[in-house]
Each structure stands twice: as structure tokens, then as C-alpha cells.
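Dear colleague,

Please find below the structure that I am passing on to you.

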Amino acid sequence: MYWNPKYECLPLEELYELQLERLKVTVERVFYNVPHYRRAFQEKGLEPSDIKSLEDLSKLPFTTKDDLRENYPFGMFAVPMSEVVRLHSSSGTTGKPTVVGYTRRDIDVWAELMARALVCGGATRNDIIQNAYGYGLFTGGLGIHYGAERLGASVIPISGGNTRRQVMIMKDFGTTVLTCTPSYALHIAEVMEEMGVSPEELKLRCGIFGAEPWSENMRKEIERRLKISAVDIYGLSEVIGPGVAIECQEKNGLHIFGDHFLAEVIDPATGEVLPPGQMGELVLTSLTKEAFPVIRYRTRDITAILPGECPCGRTGVRIARITGRTDDMLIIRGVNVFPSQVESVLLQFGGTEPHYQLIVDREGSLDTLEVQVEVSEGLFSDKVRGLEELERKLRLELESTLGINVKVTLVEPKTIARSEGKAKRVIDRRKLV
Ligand code: DLL
């Protein structure tokens with residue numbers, strides 16, 4: 001049930017003590033080794049010795065993606081390159097990618113955290129883990145891989161893509177745990193159906209899915225189609241990669257490994273720290289990283305810190321499922337819309353497939369939202385009236401959930417592009433003009 005019960009279930013008093021000790025070390029490390037941090041601290045009149053309690057965290061400056069870009073590629077590293085044994089990078093939608101580095105010890109800590117995460121998510125050393133996250137600069141593939149090896153499971157480093165082969169290997173090798181993005185898991189389920197392979201022929205029992213936002217309804221759909229238990233895993237390259245947080249078997253929020261990361265949720269407009277239960281932007285501080293420590297990194301991910309304890313016994317902070325990103329949030333005629341809200345509505349309806357795309361455009365000065373949704377095979381061959389009725393119902397439900405007018409377009413099965421990694425849910429044509 002636990003990989004490292006001592007630290008995962010550390011009594012809170014001891015956890016806070018450890019966090020403070022590690023925060024002080026991290027603050028010193030960045031102050032003396034990273035010019036950006038020294039400047040940012042000095043602008044606020046801060047020195048490392050000003051950090052005397054965990055409450056002092058809120059005095060520290062935020063770090064943003066722009067800060068990382070301005071210091072591209074290695075300016076935020078706190079160790080000489082001779083100590084860096086691995087580089088990863090994540091591409092944003094605009095500008096330069098972010099480059100992150102790891103010392104040998106960072107890689108070791110990451111493997112430990114990923115082993116913890118896999119166990120928390122339901123894997124054991126007896127599992128055969130098919131790792132269909134992309135291998136390469138993306139942290140998903142290698143992050144999960146090292147954790148699975150540390151756990152002692154048998155890893156199949158298949159990476160993303162070649163879906164028919166994924167299904168064949170899953171069947172022939174007796175894969176028990178699948179790791180990939182939720183959108184790819186669904187695509188694998190679809191290809192399995194095409195190949196006439198039923199979940200009963202597989203040994204698959206568990207899926208550890210993340211790297212993109214997904215809804216509770218999407219979880220149910222994946223669980224139903226693959227006949228597995230699916231958990232949500234969260235992480236980001238800037239903070240370490242996968243392994244920052246994961247759900248346990250209770251599936252009631254994602255546990256953050258508090259001996260390695262401090263989490264805050266802030267109001268993205270004012271920067272004010274919000275109390276548990278309130279939704280805002282997640283801000284993370286690393287406590288043990290050597291090569292690329294981050295202080296109050298603004299993730300742009302929207303969540304809330306959950307109040308109360310989890311029956312599983314892990315003591316660190318829990319966060320709610322990420323509903324979207326501040327920069328993914330569409331503002332359509334002044335109304336905030338997240339793709340995950342649309343997904344949730346679509347999945348409540350029979351007759352559609354959870355493959356969808358939001359197309360935002362501007363007619364004159366008015367923003368428009370079109371939701372393209374695939375119809376399931378059976379229904380598509382059905383009478384036109386049935387389709388019209390479905391379109392109308394979906395439109396009404398989406399309009400009442402989102403609070404704006406929506407055009408729903410039902411499209412033929414398998415016409416929306418499938419992803420092997422992170423799905424592209426939004427086409428915003430407004431930006432092109
Ligand atoms: O996506 C790391 C990862 C790999 C996480 C495999 C989980 C599994 P990046 O490519 O840097 O790293 O993207 C990080 O992806 O800020 C979120 O916006 C989003 N994201 C990651 N996990 C989740 C999740 C990896 N479970 C960005 N739910 C993050 C929602 C997620 N969004």
C-alpha cells in the first residue's frame with residue numbers, strides 16, 4: 001500500500017519541521033547559486049536568514065514560466081553543468097521551451113517519488129507495466145520508467161504510438177498496468193474494439209493516467225471500456241516531471257509528496273494565498289532538488305487544496321483534480337470556459353464518443369464556440385431525426401453548464417484526430433487574426 005510509509009505518513013508536526021529545514025536549505029541554495037533568485041529576493045529585501053518559519057514562504061517571490069524563458073537554457077541551474085546528468089524539456093504553446101536539469105541525486109529522488117506514486121496508484125512489484133508515455137525530452141516516459149524499475153515491476157518501455165502494437169503487446173505480454181495520457185488510453189480502447197480484442201482477454205487491471213486535464217466522467221468511461229481501475233497522476237517538468245502528486249485507492253484527491261514539495265493555491269489575479277477548499281492557481285516549491293530548484297513556481301494549473309484527512313493515512317497535502325490551466329481557460333464573451341467542462345457534459349450523454357474539439361472563432365466582434373463531437377458508430381447510421389435530437393439536447397445541456405451559446409456539430413466516428421500524447425482540445429481561430 002505504501003512504498004515509503006515513514007515519509008508518506010509522517011506525523012504533521014514532524015513533516016512541518018522537515019519541510020522548514022529543507023526550505024531553508026533550498027532558499028540558500030538558490031540565493032547563492034542562481035543570479036535570478038538572488039536578484040528577485042533582493043528586490044523584496046529578503047535574505048535566506050529571513051525564512052524562519054513555513055509561514056515565511058509567502059514572503060518569497062513567485063517564479064514564472066517567463067522567468068525560466070528569460071534564463072533559457074541553463075540560467076536557472078543551481079549547480080555547474082558538470083553535475084547535471086540529465087536534461088529534459090517541455091515545449092509551451094509559445095516561445096522557447098523550458099529546459100530542466102537533474103543531478104544524479106535528483107534522478108534518484110525522482111525514481112523514489114515515482115515508485116511511491118506507482119504504489120499509491122495501485123501498482124506492485126509483481127506488475128507488468130506498459131509505459132506508453134512518450135520517451136524523450138518529455139518527462140513522462142523516463143520518469144515513469146525509472147520509478148517502475150525502482151519498484152521492481154517489469155517495465156515495457158513501449159512509448160506512445162503504434163496503437164495496434166500496443167494492443168498486441170498488452171495481450172501477449174500480459175500487461176497488468178497501463179501508463180499513458182487519458183486521451184491515449186481511450187484511443188487504445190477504441191483500437192482494441194476495432195481489432196476485436198475484448199478487455200476480458202487482457203490481464204490489465206489498473207491505469208495510471210495524467211499529463212493532461214481529464215474529467216471524472218472520462219475516468220468512468222475509460223474504466224468501463226478497459227475494465228480497469230484508473231487513477232490520476234500529476235506533475236510538470238519544471239517541478240520534476242510526473243510524481244509530484246497522485247491519487248490513492250480512495251480516489252478523492254491527489255496526494256502531494258510533502259517531504260519534497262510545498263504546495264500553495266493562490267488567486268491568480270492578486271497572488272494572495274487562498275485557504276483550503278478554494279480554487280485557484282497551484283504554486284509549488286521544491287524542497288530537495290539540486291540542479292533545478294524552484295521557489296513558488298506558478299504552475300498555471302487550477303485546483304484547490306482539499307481540507308481534511310485521507311483515510312489512506314498519507315499525511316501530505318491533497319489537491320483536487322486539475323480542472324484546467326489559467327492559460328487554457330477560454331474567455332468567450334467574458335465567460336470562463338474550460339474544455340474539461342465540455343468533456344464532462346459530453347460523457348453524460350449516450351450516443352457520443354469522448355472525442356471532441358472546441359473551435360473558437362470571432363464573427364464580427366462576437367466570439368463563437370463550436371463544439372465538434374463524434375457520434376458513436378451505431379447512432380451515426382441511425383435516422384437523421386435521432387441525430388438532430390441529440391444535437392439539440394447536447395446544445396441545451398452545454399449552454400446551461402457553460403452559460404453561453406454553443407453550436408454543436410456532430411461529426412462522423414473517427415474524424416477527430418487522435419492523440420498519442422497530450423490531446424489538442426481547442427482550436428482558437430481568434431488568435432490567428
Ligand atoms: O506532463 C508530466 C507528467 C507526465 C505528468 C506523465 C503526469 C504523467 P509537462 O509536459 O511539463 O509535464 O506538462 C505539465 O501538464 O502543468 C498540467 O497543465 C498538465 N498536467 C500534468 N498532469 C496533469 C493531470 C508532464 N493529472 C502540465 N491533470 C501541467 C491535469 C495535468 N493536467
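This is a predicted model: local features need pLDDT of at least 70, side-chain atom pairs count only at pLDDT 80 or more; totals for chains, interfaces and linings use all residues.

Residues are numbered from 1 along each chain as its sequence is written, and side-chain values use heavy atoms, with hydrogens and water left out.

**Ligand site**

The shell around the ligand consists of 21 residues, where a residue is counted as near if one of its heavy atoms lies within 4 Å. Those that come nearest are Asp232, Ile233, Ser237, Asp301 and Lys422. Strand S7 (229–236) and helix H6 (139–151) each supply at least two residues of this shell, and S7 gives the largest share, five residues. Helices (H or I, at least four residues) and strands (E, at least two) are DSSP runs, numbered from the N terminus.

By class, the shell has nine nonpolar, six polar and six charged residues. Here Ala, Val, Leu, Ile, Met, Phe, Trp, Tyr, Cys and Pro count as nonpolar, Asp, Glu, Lys and Arg as charged, and the others, Gly among them, as polar.

**Cavities**

The structure holds three cavities of 30 Å³ or more. A cavity is a set of points, on a 1 Å grid over the protein atoms alone, where a 1.4 Å probe fits but cannot get out; lining residues have an atom within 4 Å of a point. A volume is the space filled by probe spheres set on the points, which are joined across faces, edges and corners.

The largest cavity has a volume of about 100 Å³. Its lining comprises 14 residues, of which His355, Ala417, Ser419, Ala423 and Arg425 are the closest to its centre. Helix H8 (182–195) and strand S18 (352–363) each give two or more residues to this lining. Domain 1 (1–326) and domain 2 (331–428) each contribute at least three, the bounds coming from an automatic or database domain assignment.

The second largest cavity, of about 80 Å³, has Tyr7, Arg116, His255 and Asp259 among its lining residues. Its lining has four nonpolar, four polar and four charged residues.

Yours sincerely

Definitions and conventions:
On a 1 Å grid over the protein atoms alone, a cavity is a set of points where a 1.4 Å probe fits but cannot get out, and a pocket is an open set with protein on both sides within 12 Å along at least five of seven lines; lining residues have an atom within 4 Å of a point.
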